[in-house]
Amino acid sequence: MTPKEVLREWIDCFNVADAARIVELYADDAVNHQVANEPIAGKAALYEMFANEFAAAEIVCIVENIFEGPYWNGTILSDFADAVFSM
């Protein structure tokens, strides 16, 4: 996979709250450090973090200006308003 394909897959997994699939995109010894939290290391810990976060709230990731414009759930959107109001 190219880096862009990995990022698109990560966003798609995140937006459907698929903790198992998103963790498969990480290396076995990956470290995820969110600014507000302590670093999380390894796939098991990453899975637990994502599963807990997905269970706690409905969250989505919208990325702008990385794929020729805003990108959400497999679609490049024509403008940011489409992203906000199509959810």
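Tutor: Helix H1 covers residues 3-15, and its 13 residues should span 18 Å at 1.5 Å a residue, which agrees with the 18 Å between its end C-alpha atoms; the expected span is 1.5 Å times one less than the number of residues. Helices are DSSP runs of H or I with at least four residues, strands are runs of E with at least two, and both are numbered from the N terminus.

The model is predicted, so local features need pLDDT of at least 70 and side-chain atom pairs pLDDT 80 or more, while totals for chains, interfaces and linings use all residues. Residues are numbered from 1 along each chain as its sequence is written, and side-chain values use heavy atoms, without hydrogens and water.

The protein chain has 4 helices and 4 strands, in the order α-α-β-β-α-β-β-α from the N terminus. In H1, the buried residues are Ile11, Asp12, Cys13, Phe14 and Asn15; buried means under 20% relative accessible area, exposed over 50%, and partly exposed in between, with a 1.4 Å probe and protein chains only. Just after H1, Ala17 has a positive phi of about 55°.

The whole structure holds 5 aromatic pairs. Rings of Phe, Tyr and Trp (its six-membered ring) pair if their centres lie within 6.5 Å; planes under 30 degrees apart are stacked, over 60 edge-to-face, and the rest tilted. Trp10 and Phe50 make an edge-to-face pair, with 6.2 Å from centre to centre and 70° between the planes. This pair links distant parts of the chain, since Trp10 is in helix H1 and Phe50 is in helix H3 (residues 43-56), 40 residues apart.

Phe50 counts as buried because its relative accessibility is 2%. Its ring also pairs with that of Tyr26: the centres are 6.1 Å apart and the planes stand at 45°, so this pair is tilted. Tyr26 lies in the loop between helix H2 (19-23) and E1, so the pair ties together parts 24 residues apart in sequence. Trp10, Phe14, Tyr26, Phe50 and Phe54 form one aromatic cluster.

Asn32, in strand E1 (residues 31-32), is buried because its relative accessibility is 9%. Beyond its neighbours within four places in sequence, Asn32 is in contact with residues including Tyr26 and Phe50, where contact means heavy atoms within 4.5 Å.
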